[in-house]
Amino acid sequence: MNNIIIYIALALMMLTLIAGLIRFIKGPSIVDRVVAFDSMTITSLVVIGVIALLSNRAIYFDVAVVYGFLSFLGVIIVAKYIQGGL
Amino acid sequence: MTYVKILGEVFLLMGAFSLFVASVGLLRMPDVYNRVQTGTKASTLGAIMSFIGIGLMAVDHWDENNWLGRIIVLIIFILLTNPVSSHVLMRAAYVMKIPLSKLTVVDKLKEDIELKVLEEPKDE
């Protein structure tokens, strides 16, 4: 009974990733693509957390923290480059 | 113990549903600014609720490996960094002069620039 609800949540997250990928491909401007990338990254953080729960390893949360930090840094740098300040 | 697990399942499902609603808004909103707003705010809520659910479902492992500490650090990190990236992206879009949607009713920043209360944000 536990695993069924976890798999339903994982299926919803996969639909979220597919929708973000569609917006990433056809977005008319750069900002759309960056936002789609950001949303997909946050969903990937939650997927990493669910995998850590399924396999009983707490070390994966450290991977999630480093991944989120790199994504945040990438968004800041791309926004600064769009403004022309870099 | 089982009640805590059931509560965690409810939180995880609500968080996943909130992430899904954020992606639907990312597909259907008419404007860049609306997409930034819905894609960042609802994603933050969904991620935080999902991590609370994961932390409640791992009730058997709270003693070992510092599960709760890592999850709390992750939640605080998401809560700090996500609105910052949203604001920076909005400012970059406004500097790029991406046009607003035709359904827009009011643009306070443009009014303030015309009244010379604020300066126009520009390249540095």
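The expected span of a helix is 1.5 Å times one less than its number of residues, and helices here are DSSP runs of H or I with at least four residues, while strands are runs of E with at least two, both numbered from the N terminus. Helix α2 of chain B, residues 32–57, has 26 residues and should therefore span 38 Å; its end C-alpha atoms lie 37 Å apart, which agrees.

The model is predicted: local features need pLDDT of at least 70 and side-chain atom pairs count only at pLDDT 80 or more, whereas totals for chains, interfaces and linings use all residues. Residues are numbered from 1 along each chain as its sequence is written, and chains are lettered from A and ligands numbered from 1 in the order in which they are written.

Chain A has three helices and zero strands, in the order α-α-α from the N terminus. Its radius of gyration, taken over C-alpha atoms, is 15 Å, well over the 12 Å that the globule rule (2.2 Å times the number of residues to the power 0.38) gives for 86 residues, so chain A is more spread out than a compact globule. The C-alpha trace of chain A spans about 50 × 30 × 10 Å along its principal axes, and 37% of its 86 residues count as buried.

Helix α2 of chain A covers residues 30–55. Just after α2(A), A:Asn56 takes a positive phi of about 60°.

Key: A residue is buried if 20 or more other C-beta atoms lie within 10 Å of its own, exposed if 12 or fewer, and partly exposed in between; C-beta atoms are placed from the backbone.
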